[in-house]
Amino acid sequence: MRVVLSLSDDPATTQVERAIMEFRSARPVVIDQGAESALVIGIEDLDEAMSAKLEAIAGGHAHLVLPPARLRRLGLDRQVAGVVALPVVDRARIETLALKVDSRIDAPVRAVGAFDEDALELARLSLVLPAVIVVPLGGGIEVDPSLTRVPTAAIRDYRRAKAADLKIVSRAPVPLEGAPTSEFVVFRGGEGLRDQVAIIVGSPDLAKPVTVRLHSACLTGDLFGSLKCDCGDQLRETVRFMAQNEGGILLYLDQEGRGNGIANKIRAYKLQAQGYDTYDADEVLGFDADQRHFEYAAGMLKQLGVTAVRILTNNPAKIDALTKAGLDVISDHRVLGRPTAENVSYLASKRDRAGHYIDIEGLLASSIKD
């Protein structure tokens, strides 16, 4: 008997990661559930050639899966995903339903079935637009054997598996302006194929509650000083505060655009320039208010030896996530940026629509005094 040796410790996770890369490259993936299978592909970068190939396979049985946020923008009161039939794989119609700002639903929406939610989750993991075409495979349909295949169970378990698979891959001293005694610790895992970084500022006493901040990466604010958000100010103020107050740990998490990815964040910025607020812009694209997961951040802290924290945040979801993960949250403290003409409405939206602890009036009064 010939024995085939698997070189992966977790073949199911490996299959999902291959599927993520295929989705990001606008190539189809086959999802398997028992004896049934379906061909799935994101609508991002869908061209006429691929539409024609899908049409040839589908035989009128393809459908478009849309998340609840997008269905609400199309005029429906929905809290769950739904399915629109595609008698013809019409690229223009798909783009209209999935992306155009002023679109309205043009056909009945039925409940999701097998594969649909898993296909949407694969799109979210891939940081592409959350809208997918699903083609059930049956009746002797054969597809290219080189296509990546992934079981539904592996997709559903992927986030938990990655959070449990966090490991430190490198660390080194990195002196920072105002915090010369700092160390960067790089973790692999947590969110898909990405790395996460813990910055240990100073020499915090791990036997006591440690000052901690969970900071979602923001390329536009952290690096380029965008006036549209307060992220860069929060980042630098956190490092300064920790350096002057017995140290702390800043987790720099790869969660650009509230977990939607940089491409979708910039799409949302374009909509904001047209008058949408930050949450409405995301809803137009099919995203709910916040796609981020913070549970794995607790795993990073635990690996560093932290058991109790004083958290710097304005976001109640971060406090709740660390508490549920078993860390002792001793206290929570605000970390605020400068109000600008460009970010006041953004800060108000975070306060009013997501419950962030932001005293905008106090910020404005303070900035006037300064």
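R91 is partly exposed, with a relative accessible area of 33%, where buried stands for under 20% relative accessible area, exposed for over 50%, and partly exposed for what lies in between (1.4 Å probe, protein chains only). This is a predicted model, in which local features need pLDDT of at least 70 and side-chain atom pairs count only at pLDDT 80 or more, while totals for chains, interfaces and linings use all residues. Residues are numbered from 1 along each chain as its sequence is written, and side-chain values use heavy atoms, with hydrogens and water left out.

The side chain of R91 meets that of E48 in a salt bridge at 3.7 Å, N to O, a salt bridge being a side-chain nitrogen of Lys or Arg within 4 Å of a carboxyl oxygen of Asp or Glu. Helices (H or I, at least four residues) and strands (E, at least two) are DSSP runs, numbered from the N terminus. E48 is exposed, with a relative accessible area of 51%.

## Other salt bridges

Side chains of opposite charge can pair when their charged atoms come close. A search of the whole structure finds 29 salt bridges. In one of them, the side chains of R124 and E121 meet at 3.9 Å, N to O; these two residues are 3 residues apart in helix α5, and so they are separated by about one helical turn. R124 counts as partly exposed at 23% relative accessibility, whereas E121, at 16%, counts as buried.

Another salt bridge joins the side chains of K167 and D165 at 4.0 Å, N to O. K167 is partly exposed, with a relative accessible area of 40%, and D165 is also partly exposed, at 36%. Salt bridges can also be linked to one another, as in the network that contains R72, R73, D277, D280, E283, D288 and R353.

T278 lies in helix α11 (residues 278-284), and it counts as buried because its relative accessibility is 7%. Which residue does the side chain of T278 meet in a polar contact? The partner is the side chain of R258, at 2.8 Å; a polar contact is a pair of N or O atoms within 3.5 Å, where, within protein, one must be able to donate a hydrogen and the other to accept it, and residues adjacent in sequence count only if both atoms are side-chain atoms. Leaving out residues up to four places away in sequence, T278 touches R258, Q272, Y346 and S349, with contact meaning heavy atoms within 4.5 Å.

V143 is placed in the loop between β6 (132-137) and β7 (149-151). V143 touches V30, L137 and R149, again not counting residues up to four places away in sequence. Although V143 and V30 are 113 residues apart in sequence, their C-alpha atoms are 8.9 Å apart in space.

## Two residues with positive phi

Most residues other than glycine have a negative phi. F115, however, has a positive phi of about 80° although it is not a glycine. F115 is found in the loop between β5 (110-111) and α5 (116-125), and is buried, with a relative accessible area of 7%.

The phi of E246 is near 65°, which is likewise a positive value in a residue other than glycine. E246 sits in the loop between α8 (231-244) and β12 (248-253), and E246 is exposed, with a relative accessible area of 72%.

## The two domains

The chain is divided into domain 1 (11-160) and domain 2 (166-255 + 292-369), with bounds that come from an automatic or database domain assignment. The C-alpha centres of the two domains lie 35 Å apart, and 6 residues of domain 1 are in contact with 5 residues of domain 2.

Domain 1 and domain 2 bury about 450 Å² between them, of which 61% is on carbon and sulfur atoms; buried area is the accessible area (1.4 Å probe) that two parts lose on being put together, summed over both. On the side of domain 1 that touches domain 2, the elements that give two or more residues are α1 (11-24) and α6 (152-164), and α1 gives the most, with 3 residues. The count between the two domains is 0 salt bridges.
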